[in-house]
Amino acid sequence: WAGKAPRRLKNVIVSMEWVPDPAALRRLRAEAISGSASDEDALAAAFALLDSDGDGRLGAQEVQQLLSNLSADADVEAVMAAADKDGSGSLDRAELRAALATSAFHLMEEGRYYVALSLAEAETLRAHLHAAGGAPLAPGSGASLALCAGGAPLDASAGFVAGGAAQGASAHSALRFVDSQHDFDAPAVGALLRTLQTASCEERAHWWLAVRGCRRRFRRDWHETPLSQVFTVPSEFAMIKRGALVSAMHRRLRARGLYVQDAFRVFDHDGNGVLSCSEFFSACRWLGLKMLPADVHEIVRQIDEDGDGLISPEDWLAWMKDVAEEDAAAAAAADSDPRASEAAPDLGAISVAQSQIEELGEVPAPRESDRSSRKKKGWFGFG
């Protein structure tokens, strides 16, 4: 690090999951985060979308859908037991908000640590593990560790028990963020948002770009990568809204006999192979989803990979990925069933009434405004 040459950071290749004292592990109860106005709006919208029967409460089945959207590792029975404060067997919005604010949907443990290692440190630790031959790391100690590369286990000491999937995913995603990586799938983006939600979008981008500047690496424009969501989506609440919208849209499509792939063709009113904001807005209205133009603009910004303000077939399938795979299997089964083929709707006969709204090229991107009210913590949201 001495001299005039530019400073260069080493890549994060191997990490360690370290438990100094298994007896001291405790369920981590996160400090409740006071949500911004945009968070509360996103939660209200998500709640309304998940509340399929419109009774103002989420039952176990609806909470299960939420858990799937969050890639949560807590089971629905445990969540309902912890969050259902009035004993009604369902959650109202206040109970859901409290559960989200304290990470009740994710199993996190205090006393479990994740450490980035140099290759020399990793080699030394692995040699020690092999030399121990299954014996404890230190006589009379219950300490244990595991070495991981790329999120996959390499080696572990005797008696090591891995932590919850959500905690591991959050740590692995955070270390990849430190490593200036940009190819994150949807669950990894959600894990990063949970970790970074006390920092503003501008702070995240500034820090990541500054760290990347210390690496010898091809500098791809982050706007063209999945990481762009981490720099444009304020918090996990927006991801919850997105997941709830995908689920609600899928329910309504199936009720009309449409698969995800078919829906794109139906919604593409002018047949040019992409969906404009107006076409997407019209599709939402046709499905009975109450969306404002601003909501549509927000969604298109999130799922439009190349930033042209239009939804391509690839953008659409990536956004609907979780249900698209289910639909593909159902469509394949239907193709082999003559009765199902006969009952399939005639796509050419379906007409979606069009409503015009401003396209994204005509609407300025929103500015980050209300994140500064949150209590600031250390890097990655840890105190």
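Guide: Here's a walk through the salt bridges, pair by pair. Keep in mind that this is a predicted model. The count comes to 11 salt bridges.

Let's start with Glu17 and Arg112, whose closest N and O atoms are 2.8 Å apart. Glu17 belongs to strand 1 (residues 14–19) and Arg112 to the loop between strand 3 (109–110) and strand 4 (113–117), so this bridge ties together parts 95 residues apart in sequence. Glu17 counts as buried because its relative accessibility is 9%, and Arg112, at 7%, counts as buried too.

Next up is Glu40 with Arg97, where the closest N and O atoms are 2.9 Å apart. Glu40 is partly exposed at 27% relative accessible area, whereas Arg97 is buried at 13%.

Then there's Asp179 and Arg215, with 3.7 Å between the closest N and O atoms. Asp179 sits in the loop between helix 6 and helix 7, and Arg215 in the loop between helix 8 (201–212) and helix 9 (228–232), so the pair ties together parts 36 residues apart in sequence. Asp179 is buried at 5% relative accessible area, and Arg215 is buried at 3%.

Ser180 is buried, with 2% relative accessible area, and its C-alpha is 7.0 Å from that of Val211, 31 residues away along the chain.

Notes: Residues numbered from 1 in each chain as written. Predicted model: local features only at pLDDT ≥ 70, side-chain atom pairs only at ≥ 80, totals over all residues. Heavy atoms only, no water. Buried < 20%, exposed > 50% of the residue type's maximum accessible area, 1.4 Å probe, protein only. Salt bridge = Lys/Arg side-chain N within 4 Å of Asp/Glu carboxyl O. Helix = DSSP H or I, 4+ residues; strand = E, 2+ residues; numbered from the N terminus.
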